[in-house]
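Here are some notes from my pass through this one, in the order I'd click through it. Have the viewer open while you read.

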Amino acid sequence: MSGKLYVVGTPIGNLEDMSVRAVKTLQEVDFIAAEDTRVTLKLLNHFEIKKPMVSYHEHNAREKGSEIITRLLSGQTCAIVTDAGMPCISDPGEDLVRLCAENGIDTIVIPGPSAAISALALSGLSTSKFVFEGFLNPQKNARLERLEELKREKRTIIFYEAPHKLCDTLSAMYQVLGDRKITLARELTKIYEEVIRTTLSQAVALFEEKAPKGEFVLVVEGMVEEEQSLTFEQALELIQALVDKGEPLSKAAKDVARQTGFKKGELYSRFLAE
């Protein structure tokens, strides 16, 4: 009879958020699959848990995944954890769960904290409908292309971002999505937790002046009705405002075209004609 895989949520910063059930599960399984065994060892030491661990991350998931499945099929039990929060969310743990499903191995979830949901709850934006995007592609063109696809998304959008990429990401969002509301949550549940509710333009300006620190969750407002009904004349007014601020006409027309859906060439020609 095969064993079971336990998907165990761990704290995203504050160890007091570790559930009694999560501790009990880690104490009882045969072994633990961890994203970074050094990080998980600190957690285990804190709760005085001694268990063998297997390193399981995006770079070795294919090799280690098959080894873990073999052990599960032999009757052993395994808990999978990530460095922080829920495994399998923007995490290679999803591949292990899929392998378990394919091999008829039971998978049990031990719920825990989630940075994405925690940030959404604090955002002050609509929580009735939302989408989770995780990390945007670090390549500029791919990032802009994905934001273009999300431009008309009406639901609240949740992203993750590292501090050294934050400024580029915010600038790209402002360029493509326009000046929407955004909540930036960093270091949630930790000593320096901070929640900033602002707009994309103000966020860009803010982090041009101070260097971002810590891991961020970005909660961005979905497209509002006003954006859907923007007229061609209003689009020209947006171009004028950008030109007045010193932006070259060609770039202004391109930015407004991205925001409104109108063609850049038509905006450019009409602006020159007026």
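What share of the 274 residues in the protein is buried? Buried residues come to 44%. Keep in mind that this is a predicted model.

1. **Overall layout.** The protein has 12 helices and 10 strands. Its C-alpha trace spans about 75 × 40 × 30 Å along the principal axes. If you take the contacts between residues at least 6 apart in sequence, 70% of them join residues at least 24 apart.

2. Five strands make an open sheet here, ordered 3-2-4-1-5, with parallel pairing. Strand 3 (53-55) and strand 5 (106-110) are its edge strands, each pairing on one side only. Direction ignored, neighbouring strands of this sheet are turned by 25° against each other on average.

3. **Helices on that sheet.** Helix 1 (residues 20-28) packs on the sheet and touches strand 1 (4-8), strand 2, strand 4 (78-81) and strand 5. The direction of helix 1 makes about 140° with that of strand 5. Helix 3 (residues 61-73) also packs on the sheet, touching strand 1, strand 2, strand 3 and strand 4. For helix 3, the angle to the direction of strand 3 is about 150°.

4. **Strand 2 and its neighbours.** Side chains in a regular strand alternate between the two faces of the sheet. Strand 2 is covered on both faces: Phe-31 and Ala-33 are buried on one side, Ile-32 and Ala-34 on the other. Strand 2 (residues 31-34) runs parallel to strand 3 and is joined to it by three bridges. Ala-33 has Val-54 of strand 3 as a bridge partner, and Ala-34 stands opposite Ser-55 in strand 3. Towards strand 4, strand 2 has four bridges, and the two run parallel. There, Phe-31 stands opposite Cys-78, while Ile-32 has Ala-79 as its bridge partner.

5. **Strand 4.** Which residues point which way from strand 4? Cys-78 and Ile-80 go one way, Ala-79 and Val-81 go the other, and all are buried. Strand 4 also pairs with strand 1, in the parallel sense and over three bridges.

6. Another open sheet has five strands in the order 6-7-10-8-9, and its pairing is mixed. Strand 6 (130-135) and strand 9 (194-199) sit at the edges with a single partner strand each, so one side of each has no neighbour in the sheet. The twist from one strand to the next averages 20°. Strand 6 and strand 7 (residues 156-161) pair in the parallel sense, with five bridges; Val-131 has Ile-157 of strand 7 as a bridge partner. Helix 5 (residues 115-123) lies across strand 6, strand 7, strand 8 (181-186), strand 9 and strand 10 (216-220), and runs at about 50° to strand 10.

7. **Helix 7 against helix 11.** Two packed helices are described by the angle and the distance between their axes. How do the axes of helix 7 (residues 166-177) and helix 11 cross? They come within 6 Å and cross at roughly 75°. Helix 7 and helix 11 are therefore roughly perpendicular to each other. Tyr-174, Gln-175 and Val-176 of helix 7 make the contact with Asp-255, Arg-258 and Gln-259 of helix 11.

8. **Helix 10.** Helix 10 (residues 232-244) has 13 residues and reaches 18 Å from first C-alpha to last, close to the 18 Å expected at 1.5 Å a residue. Its buried residues are Phe-232, Ala-235, Leu-236, Ile-239 and Leu-242. Why are they on the same side of helix 10? Because they cover an arc of only 115° around the axis. Among what covers the buried residues of helix 10 are helix 11 (249-260) and helix 12 (264-273). On the face turned away from the buried side you'll find the exposed residues Glu-237 and Asp-244. Gly-246 follows helix 10 and has a positive phi, near 100°.

Notes:
Residues are numbered from 1 along each chain as its sequence is written. This is a predicted model: local features need pLDDT of at least 70, side-chain atom pairs count only at pLDDT 80 or more; totals for chains, interfaces and linings use all residues. Side-chain values use heavy atoms; hydrogens and water are left out. The expected span of a helix is 1.5 Å times one less than its number of residues. Buried means under 20% relative accessible area, exposed over 50%, partly exposed in between (1.4 Å probe, protein chains only). The arc is that of the directions from the helix axis to the C-beta atoms. Contact means heavy atoms within 4.5 Å. Two strands pair if DSSP finds at least two bridges between them. Axes are lines fitted to C-alpha atoms, for helices over the stretch in contact, and angles run from 0 to 180 degrees between N-to-C directions. Angles under 35 degrees count as roughly parallel, over 145 as roughly antiparallel, 65 to 115 as roughly perpendicular and the rest as oblique.
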